[in-house]
Amino acid sequence: MAKDWLPACISDPEGCELLIQSICRAADLSRPPYRHAFLPSEQLGDSWIGRLEVRDSDGQRQPAVDLELEIYGAAADPSLQLSWCEDEERPLLWQGRHPVWMDGTSGQACPRPDDGIALETLARRLRAELVQG
């Protein structure tokens, strides 16, 4: 997106729609066969939070694999956080320049879960999209 992705999203609905499309495209590529919709929920300062809602290849909702996405930080070096909406105890992913998995309860660093590669791929794609803009 643009170098100033968050201000563009706040003041420019068209720019915001392009960002949402990029988020959904990155999620679809990273987590096949699922299809994703991004529903922004709040903007706080330099942070943008939303829900990635998931449907299977038949179009049926799959809320058990929905993700919360938070994008925050400087536009030139954004950070992302991905967490499971339905299970707050599952490890969450913080992605800056490198991925860091954290225990969903304690916040302590933990190993990548078995199904974590797709989330790391998604986070890298999203971050690259935001930085390249």
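Select H3, residues 117-132, a helix of 16 residues whose first and last C-alpha atoms are 22 Å apart, close to the 22 Å expected at 1.5 Å a residue (the expected span being 1.5 Å times one less than the number of residues; helices, H or I of at least four residues, and strands, E of at least two, are DSSP runs numbered from the N terminus). The model is predicted, local features need pLDDT of at least 70 and side-chain atom pairs pLDDT 80 or more, while totals for chains, interfaces and linings use all residues. Residues are numbered from 1 along each chain as its sequence is written, and side-chain values use heavy atoms, without hydrogens or water.

Within H3, colour the buried residues, among them Leu119, Glu120, Leu122 and Arg127 (buried means under 20% relative accessible area with a 1.4 Å probe, protein chains only).

Next select Ile23, Phe38, Trp48, Leu69, Leu82 and Leu122, which have the most contacts inside the largest nonpolar core, a set of 25 residues (buried Ala, Val, Leu, Ile, Met, Phe, Trp, Tyr and Cys joined through side-chain atoms within 4.5 Å). Elements giving two or more residues to this core include H2, S2 and H3, and the largest share, 7 residues, comes from H2.

Move to H2 (13-30), where the buried residues include Gly15, Cys16, Ile23 and Asp28. In the loop between H2 and strand S1 (35-44), pick Pro33; the peptide bond from Pro32 to Pro33 is cis, with omega near 5°.

Finally, show the whole protein chain, with its 3 helices and 6 strands, following the pattern α-α-β-β-β-β-β-β-α along the sequence.

Notes: Buried means under 20% relative accessible area, exposed over 50%, partly exposed in between (1.4 Å probe, protein chains only).
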